[in-house]
Amino acid sequence: MSMSSDPLLLYCVGATKAGTSWLYRTLADRADVALSAVKETHYWDTLAHEDRHKWVATLNLRRARFSEALSDAEARGIDWKARNMSRQIADVDRLLAMLKDGSRAAYFAYLQAGVTNDTRLIGDICPAYSLLDATTYREMAALSSETRFLFLIREPVARLWSAVRMQADRQLGPGETIEEKANNILWRVLERGAEKHLTARGAYSETITRLRQAIAPDALRVMYMEELVTDAGYGALCEWLGLPASQAPVGDKVHAGQNIALRPHLAARAADLLAVEYTFAEQEVGPLPRAWQAQRP
């Protein structure tokens with residue numbers, strides 16, 4: 001268990017494709033913030049043995065790719081790339097060691113690894129945490145003497161379409177176009193209820209309800225992504241986290257998907273399916289940003 005002098009512990013629990021990578025890069029660049037080198041630890045959503053086993057297998061594959069790249073860089077005399085690959089291998093090894101131990105103490109020590117006297121904030125940014133139950137959120141909050149939970153939400157259709165495009169790109173087969181693949185996936189989601197994980201990550205009302213059951217109001221913040229990525233929005237977040245205000249990299253995009261057309265009838269169908277999220281956000285979070293208002297059914 002931590003002491004009161006420890007830095008604030010921030011959990012950013014999602015949502016997927018709602019600015020979590022932007023937030024990670026922005027906070028990681030600060031001298032008063034210490035974040036793990038691997039953005040998503042997946043500690044809390046892989047507590048079950050089988051889930052943890054799958055995540056470790058994924059990390060081992062990632063490590064193997066880094067090792068191949070390291071050998072190639074060394075053979076070609078590309079020193080900067082070799083150093084980068086060596087660092088990434090070491091980062092993955094530290095995460096694997098923590099997951100193998102599995103204890104709360106090992107996890108908390110992992111988050112604190114980069115802490116200095118100037119560190120005000122540590123954190124774990126993982127969109128998969130948006131699907132956790134209230135009991136797990138309470139366990140997360142109890143890990144440190146002072147914790148904050150942040151949930152970022154994005155215009156629902158845009159978020160869903162971004163997630164679909166990412167999946168389509170990963171699954172693209174020979175002879176397929178990314179535009180056709182993505183629109184076909186979205187059609188299956190809307191008309192057949194397929195790919196349920198794509199819509200589950202956008203069930204903001206359900207995540208917020210579970211968070212509110214577990215987390216004190218002053219330790220929980222829900223923000224519109226569209227407002228976060230502005231100087232005013234980022235400044236408000238810094239104030240809430242007790243960090244000195246700094247300029248946000250407004251306009252920068254991280255992991256932006258390919259700019260492909262969403263068929264209008266599918267966009268309208270998606271907005272209808274997600275109508276509850278617009279209503280809930282307006283009533284429970286605050287006035288809808290312009291992008292939300294434009295798409296709202």
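**Before we start**

This is a predicted model: local features need pLDDT of at least 70, side-chain atom pairs count only at pLDDT 80 or more, and totals for chains, interfaces and linings use all residues. Residues are numbered from 1 along each chain as its sequence is written, and side-chain values use heavy atoms, with hydrogens and water left out.

Let's begin with the strands. An open sheet is formed by 5 strands in the order β2-β3-β1-β4-β5, with parallel pairing; two strands pair if DSSP finds at least two bridges between them. At the edges lie β2 and β5 (220-224), each of which pairs on one side only. From one strand to the next, the twist averages 25°. Angles here run from 0 to 180 degrees between N-to-C directions, and axes are lines fitted to C-alpha atoms, for helices over the stretch in contact.

Helices also pack on this sheet. One of them is α9, which touches β4 and β5 and whose direction makes about 170° with that of β4. Helix α11 (residues 231-241) touches β1, β3, β4 and β5, and its direction makes about 175° with that of β5. Contact means heavy atoms within 4.5 Å.

Is strand β1 buried or exposed? In β1 (residues 8-12), 5 of the 5 residues are buried, so this strand is largely enclosed by the rest of the structure. Buried means under 20% relative accessible area, exposed means over 50%, and partly exposed lies in between (1.4 Å probe, protein chains only). Both faces of β1 are covered, with Leu8, Leu10 and Cys12 buried on one side and Leu9 and Tyr11 buried on the other.

Strand β1 has partners on the two sides you can trace in the sheet order. It runs parallel to strand β3 (residues 121-125), joined by 5 bridges, and it pairs in the parallel sense with strand β4 (residues 147-153) over 4 bridges.

Strand β2 (residues 33-35) runs parallel to β3 and is joined to it by 3 bridges. Among the paired residues, Val33 has Leu121 as its bridge partner in β3, and Ala34 stands opposite Ile122 in β3.

**Helix pairs**

Two packed helices are described by the angle between their axes and the distance between the axes. Here are three pairs.

| Helix pair | Angle | Axis distance |
|---|---|---|
| α6 (residues 156-171) and α7 (residues 178-192) | roughly 120° | within 8 Å |
| α5 (residues 134-141) and α9 (residues 204-214) | roughly 50° | within 8 Å |
| α2 (residues 49-76) and α3 (residues 79-101) | about 160° | 9 Å |

Angles under 35 degrees count as roughly parallel, over 145 as roughly antiparallel, 65 to 115 as roughly perpendicular and the rest as oblique. A crossing is left-handed if the near helix is turned anticlockwise from the far one by less than a right angle, and right-handed if clockwise.

Helices α6 and α7 are therefore oblique to each other, and their crossing is right-handed. The contact of α6 with α7 divides into 8 nonpolar, 3 polar and 3 charged residues. Ala, Val, Leu, Ile, Met, Phe, Trp, Tyr, Cys and Pro count as nonpolar, Asp, Glu, Lys and Arg as charged, and the others, Gly among them, as polar.

The crossing of α5 and α9 is right-handed. Their contact is made by Ala134, Tyr137 and Arg138 of α5 and Thr207, Arg210, Leu211, Gln213 and Ala214 of α9. By class, that gives 4 nonpolar, 2 polar and 2 charged residues.

Helices α2 and α3 are therefore roughly antiparallel to each other, and their crossing is left-handed. The contact of α2 with α3 has 14 nonpolar, 4 polar and 6 charged residues.
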